Amino acid sequence: MPGVAVVAKNLGTNVEYRAQTTSAGLYVFPDLPAGNYSVSFEVAGFQKLIRSPIEMSQARTVGVDVTLQVGAVTQVLEVKGAPPLLQTASSEVGHQVSTKLVQELPLVAGGDIRDPERFMFILPGVSGDSFTAHVNGGQAFTKEITVDGVSNNLSTVQGSFFENSPPYEALAEFKLDTSNYSAEYGSAQAGITQYQLKSGTNNFHGSLFSSIRNDILNANDILSNMGLSGSPPDAQGNAAKPSDKDGGIAASAGGPIYIPHVYDGRNKTFIFSAFEGATSRRGVFGGRNTYPVEPLLHGDFSGLLGSQLQSCGENKDQPCFDALGRPVDAGT
C-alpha cells in the first residue's frame, strides 16, 4: 500500500524516526540505534496499526510486514507479544550476545581488567585466546573488530583490541559474524566482532563494580612451601607467600541532560559515561628482585668489572688491551 506514514519510536528515548511507503508498499529506516521500538502505520481509510516492542540489535536488518484493516483512523490496533522477527535481508551467519547476557555473565579478567573479548569463547566455532582467537578454524590476527560500526583494531595487530577497548561497563551488546558477511568488511578473513556502546535514555541509570584480591586471603602454593618463591621464611618459619594484590573499580552513568529551570533534555539530548581502573602488585617466582646500589645510581659501573682478561695474543696467552691501549677487563 503506497503513502502509508510509518513512525518508528525508540521506547527508551522517545525519539521518533519517520518514513513513508513507496508505490510498492516498501519503507526503510537506515542506521537505527540499537534498542526497543514501536512502529506505527497510518493512512486515511484504514485503522492505525502499532507493532510493539520490536528489538533492534546492532548490525541487524529486520523486516516488519503488516496488513492494515479497513476502518477509521481513530481506531487503533496495537499488536504486542508477536514472535521474534527473523533476519531475512542478508545471508550472514552470526551470533548475538544480548544486553542481558553482557550484564549478567561472569567475565574473566585479562591481565588486570575485565576483557570484553572473552565473550567470543561462549560461542560455537571459536578457539584460542582473546589475543590469538581463531574463528571457525581461521588464522589468528585476521578478524575485524568494530565499536559502534567503527574499526577499533590495534594499529600494529589486526584483530586485537584489548589494550584500547572501551570500559566493560560501557558495553551494551556483542555480536560475532562468522561467515557470509558483507563486502564492507573487506579487511576481515575470519570473523567480525562487533560491540555496541550503551547510551543515555529518559531514565537515569548507572552501575558500580569493584573487586579485590589479596595474598592474605590466598592459601600458600607448592613453590613457596618448597622455598622457591625467592623470599626467605618469616620469623616463625612460615614459607613466604609472594605479593598478590589486585584491585578494580568501574562505574557508569547515563540519562537525559537536565539543568533545573534552564534545560530539559528528555526526549532529545542524552549523555552516558563510563570508567574502569585497576591496580596490581605481584611478586615474581624463582628469583629475587634486584636494585641498583649507590655507585650505579651515579653512573659508576666499575664494580661490575673483573680482572684484566689474559686470553689475547697469537697464542691466547697474553693480557688483553683495546685499540687505545687500555686494559680489557672481564665484564667490559
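A pocket is defined, on a 1 Å grid over the protein atoms alone, as an open set of points where a 1.4 Å probe fits, with protein on both sides within 12 Å along at least five of seven lines; its lining residues have an atom within 4 Å of a point. Grid points are joined across faces, edges and corners, and a volume is the space filled by probe spheres set on the points. The model is predicted: local features need pLDDT of at least 70 and side-chain atom pairs count only at pLDDT 80 or more, whereas totals for chains, interfaces and linings use all residues. Residues are numbered from 1 along each chain as its sequence is written, and side-chain values use heavy atoms, with hydrogens and water left out.

The second largest pocket holds about 940 Å³ of space. Its lining comprises 34 residues, with Ala34, Ala172, Lys198, Ser199 and Thr201 nearest the centre. Elements that contribute two or more residues to this lining include β3, β4, α1 (99-104), β13 and β14; helices (H or I, at least four residues) and strands (E, at least two) are DSSP runs, numbered from the N terminus. The lining divides into 13 nonpolar, 17 polar and four charged residues, where Ala, Val, Leu, Ile, Met, Phe, Trp, Tyr, Cys and Pro count as nonpolar, Asp, Glu, Lys and Arg as charged, and the others, Gly among them, as polar.

Phe29, Met56, Arg60, Thr61 and Val62 are the closest to its centre among the 43 lining residues. Two or more residues each are given to this lining by β3 (35-42), β4 (48-56) and β14, and the largest share, three residues, comes from β3. By class, 23 of the lining residues are nonpolar, 13 polar and seven charged.

Aromatic pairs were also examined. Rings of Phe, Tyr and Trp (its six-membered ring) pair if their centres lie within 6.5 Å; planes under 30 degrees apart count as stacked, over 60 as edge-to-face and the rest as tilted. Tyr27 is partly exposed, at 24% relative accessible area, whereas Phe29 is buried, at 18% (buried, under 20%; exposed, over 50%; partly exposed, in between; 1.4 Å probe, protein chains only). For Phe174 and Tyr195, a centre distance of 4.9 Å and a plane angle of 40 degrees make the pair tilted. Phe174 lies in β13 (171-179) and Tyr195 in β14 (192-197), so the pair ties together parts 21 residues apart in sequence. Both Phe174 and Tyr195 are buried. Tyr27, Phe29 and Phe41 form one aromatic cluster.
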